Amino acid sequence: MAEAAQGPESFLPLTPAVFHILLALADGEKHGYAIMQEVEGMTEGKVQMGPGTLYGSIKRMLAAGLIEESDDRPDPTLDDERRRYYRLAALGRKVLRQETERMAELMALARRKHVWSGVG
Amino acid sequence: MRESRWAPASIDFSVRIYTWLLAAYPGRFRAEYGPQMAQVFRDVCRRESLHGGLPGMAALWARTSLDLVRTSVEEHIERGIDMNREKFVRWSGWALMAGAVLFAAGMIIGSFDSNWSDPIGGVDAFYEISQIVGIVLGQILFVIGLLGLRVGYASRSGSLGGALVLIAVIGGVVSLGGMLIMNSSELGWTAWALGLLTMTLALTVYGVVAIRRRVFSRWNFAPLLAGVVIPVLFGVSAGIDSSGGTLGDWAFALGVSATAVGLILLGYRMQAEAASTSQALA
């Protein structure tokens, strides 16, 4: 895919929605509602994405090669087989790592400037 | 339980309204993601109905309405930008192909002009007018084609590739300007030649970038072929002139034809791949 020719750094900084979706998928594939729940859980309810934000971001992330749709369908007795599952692509994992490193550098800078103590 | 009697009905009603409101999104987006969005909304409705009751459902509707308005506008804007970009890249691909044919025809027909310094008219009028019309129109179409290359492929080409295409566009504009003032100023020839040389050299180096980064799905050699021949012809011609000879007409025609083939291949790829250039991570 042509977009995959872009380096991970060209995607930075990520929008909050894209960053949270990548983070939600870091530990395995999930469907839309599971991503939404994971994001709400991770942020203690501070980030609540609506279906439009979720699927608008998913559309762009699929086009950019950050995530991919999983071909595996769960056992229909365990879950609704019509749901689409998404997982991190290799590029998405690299982008997530670089964005996290970028944020860590910013936090280190804030600590050096005594803007942030590093706790809480 | 009291809630279990009204909750399913309110969920169904909410989902039905939400599904109806999905009409606000562009058709393609709705067809691709509408059922998934309705499914997610149904899941959230169930949760809010169970844990938040009526206030929870009201809050969900408030959030969802804002989300729907904001993202449907975003999707329409994005679709408009993508459509315009796709159309521009497609048409600029055709412009590049047409420009290549006109440029090559103008250069080759013009080479039959027996006297380069006589005023336009007389027995050579057909060759002279064909040359001017072909090259001027060709240059205009080159600039449009290269702008399309820049718009559609800048992100795939990296910062160096994007800068090289921009230099090629500037070279094309300078060359066109030189062509237009050629009759009134001696600088016109110099500007035309320097502009053409800049454009083709930039395209040559961009060709290397395209091959390395696999910018196009096929024919990544096309920009290199389109760019490399003119600078070589300039160099060889200057070398032959300094030793008192002249470049053969066949070598000139071959070189110009090779350039045109490169540009046609590049233009063809651009119009064929236009749809895939309209992607961005907002």
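In the predicted model, helices H3(B) and H7(B) are roughly antiparallel to each other, a class that covers angles over 145 degrees, whereas angles under 35 degrees count as roughly parallel, 65 to 115 as roughly perpendicular and the rest as oblique. The axes of H3(B) and H7(B), the latter spanning residues 249–273, come within 7 Å and cross at roughly 170 degrees. Axes are lines fitted to C-alpha atoms, for helices over the stretch in contact, and the angles run from 0 to 180 degrees between N-to-C directions. The contact of H3(B) with H7(B) comprises 18 nonpolar, six polar and one charged residues; Ala, Val, Leu, Ile, Met, Phe, Trp, Tyr, Cys and Pro count as nonpolar, Asp, Glu, Lys and Arg as charged, and the others, Gly among them, as polar.

Residues are numbered from 1 along each chain as its sequence is written, and chains are lettered from A and ligands numbered from 1 in the order in which they are written. Since the model is predicted, local features need pLDDT of at least 70 and side-chain atom pairs count only at pLDDT 80 or more, while totals for chains, interfaces and linings use all residues.

Chain B has seven helices and zero strands, giving the pattern α-α-α-α-α-α-α along the sequence. Helices (H or I, at least four residues) and strands (E, at least two) are DSSP runs, numbered from the N terminus. Of the 282 residues in chain B, 38% are buried, a residue being buried if 20 or more other C-beta atoms lie within 10 Å of its own, exposed if 12 or fewer, and partly exposed in between, with C-beta atoms placed from the backbone. Among contacts in chain B with a separation of 6 or more, 68% are between residues 24 or more positions apart; two residues are in contact if their C-beta atoms, placed from the backbone, lie within 7 Å. In the loop between H5 (187–213) and H6 (222–242) of chain B lies Trp219(B). Phi of Trp219(B), a residue other than glycine, is positive, near 55 degrees, and Trp219(B) is partly exposed, with 15 other C-beta atoms within 10 Å.

Chain A contains four helices and three strands, which follow one another in the pattern α-β-α-α-β-β-α. Buried residues account for 33% of the 120 residues of chain A. Of the contacts in chain A with a separation of 6 or more, 59% involve residues 24 or more positions apart.

The three strands of chain A form an open sheet in the order S1-S3-S2, with antiparallel pairing. Strands S1 and S2 (67–69) of chain A are the edge strands, each pairing on one side only; two strands pair if DSSP finds at least two bridges between them. S1(A) is joined to S3(A), residues 85–88, by two bridges, and Lys30(A) stands opposite Tyr86(A) in S3(A). Three bridges link S2(A) to S3(A), where Glu68(A) stands opposite Arg87(A).

Helix H2(A), residues 32–42, has Gly32(A), Tyr33(A), Ile35(A), Met36(A) and Val39(A) as its buried residues. Viewed down the axis of H2(A), these residues fall within an arc of 160 degrees, so they line one face of the helix; the arc is that of the directions from the helix axis to the C-beta atoms. The cover over the buried residues of H2(A) includes H1 (16–24), S1 (30–31) and H3 (51–64) of chain A, together with H2 of chain B. Just after H2(A), Glu44(A) adopts a positive phi of about 55 degrees.

The peptide bond from Leu12(A) to Pro13(A) is cis, with omega near -10 degrees, and Pro13(A) is located in the segment before H1 of chain A. His114(A), in the segment after H4 (90–112) of chain A, has a positive phi of about 60 degrees although it is not a glycine. With 7 C-beta neighbours inside 10 Å, His114(A) counts as exposed.

Between the chains, 25 residues of chain B are in contact with 25 residues of chain A. On the chain B side, the elements that give two or more residues are H2 (27–51), H3 (53–110) and H4 (125–180). By class, this side of chain B has eight nonpolar, nine polar and eight charged residues.
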